[in-house]
Amino acid sequence: MRLLIILMIPTVTMILNASTFGVALPTIRAEYGIGADVAAWLVTAYTLPFMMLMPLYGRLGDGLGKRNLIILGLFVFAGGTMIVLTAPTLPWLLVGRTIQGAGVAGIAPLSMAIIAERFDPSRRGQAMGTWNSVGPLVGIFGPLAAGFMIDYWGWRSIFLPALGVALIAIVVVYLGIPSLRKVRLSYLRNFDWLAVIFLGGTITFFVFYLSSRVITGVEPFRDWRLLLLSILFAIGFVLRERKRVDPFLDLALFGNTSLRRASFASGLRMFT
């Protein structure tokens, strides 16, 4: 139980930051005088690196240590939050949001990996459920607290609780979770970085295609150059992974029926 409580603390950072920002978005739009498509990028700037880096954190955790990467990610998040708190212009706010997303991307996959690694299979499901229960709880009360804080102290104040929890989490995770393996820097030299670039390019250019007006000035769904680049990166990714003995993302995993169904259900929930 102690391990689960420790892992809940960085999870609170991730959920708190994500759940409170939506409440602040109308206020930020009014302050900067921006349209809905530009404001959407304040969310996308966080979500895009968050989504892209989740598998990267998971794979790097095998060689660099899962606990170590959670701590590193929390430091990155704290740095991004400091930029958001002091951002003088909208571009700097976007930079801070991007760094925040990159920092917390590893919390969920690494926490699940630690639970799977350190709990007996007979208790693993219960442990996962207990750890994950903190998410909905924070998701309920976070926006309520954010509305109060915005009214009294301004929209930037909503980032202070997540920053405080992140700093506490760094200490608690470092002291409370012993590392099971030594850091192997040779793992970085042999890592499939090209596949990471291909996968990142696929996702990034497709998102740019969906909201191209802010990026290239072309109406959404009409800048075919971005869609073509996304397709080319996707082809490069598939060809690369098929040749690798130890691929960044094993495509054979998608042959698992349970994984496909779970991925579809998870995607549908997030979309809804």
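A salt bridge is taken here as a side-chain nitrogen of Lys or Arg within 4 Å of a carboxyl oxygen of Asp or Glu. In this predicted model, the structure holds nine such salt bridges.

One of them joins Asp62 to Arg59, with the closest N and O atoms 4.0 Å apart. Both residues belong to helix α2, where they are separated by three residues, about one turn of the helix. An α-helix has 3.6 residues a turn, so residues three or four places apart point the same way. Asp62 counts as partly exposed because its relative accessibility is 34%, whereas Arg59, at 19%, is buried, the cut-off for buried being under 20%.

Arg59 also meets Asp246 in a salt bridge, at 3.3 Å from N to O. This pair links distant parts of the chain: Arg59 lies in helix α2 and Asp246 in the loop between α12 (224-243) and α13 (257-271), 187 residues apart. Asp246 is partly exposed, with a relative accessible area of 46%. Together, Arg59, Asp62, Lys66, Glu117 and Asp246 are linked in a network of salt bridges.

Helix α2 itself comprises 29 residues (residues 36-64); at 1.5 Å a residue it should span 42 Å, which agrees with the 40 Å between its end C-alpha atoms. The helix bends by about 40° at Leu53, and Pro55 follows within four residues. Just after α2, Gly65 adopts a positive phi of about 95°.

A further salt bridge pairs the side chains of Arg213 and Glu219, at 2.6 Å from N to O. Arg213 is partly exposed at 35% relative accessible area, and Glu219 is likewise partly exposed, at 34%.

Technical notes. Residues are numbered from 1 along each chain as its sequence is written. This is a predicted model: local features need pLDDT of at least 70, side-chain atom pairs count only at pLDDT 80 or more; totals for chains, interfaces and linings use all residues. Side-chain values use heavy atoms; hydrogens and water are left out. Helices (H or I, at least four residues) and strands (E, at least two) are DSSP runs, numbered from the N terminus. The expected span of a helix is 1.5 Å times one less than its number of residues. The bend at a residue is the angle between axes fitted to the seven residues ending there and the seven starting there. Buried means under 20% relative accessible area, exposed over 50%, partly exposed in between (1.4 Å probe, protein chains only).
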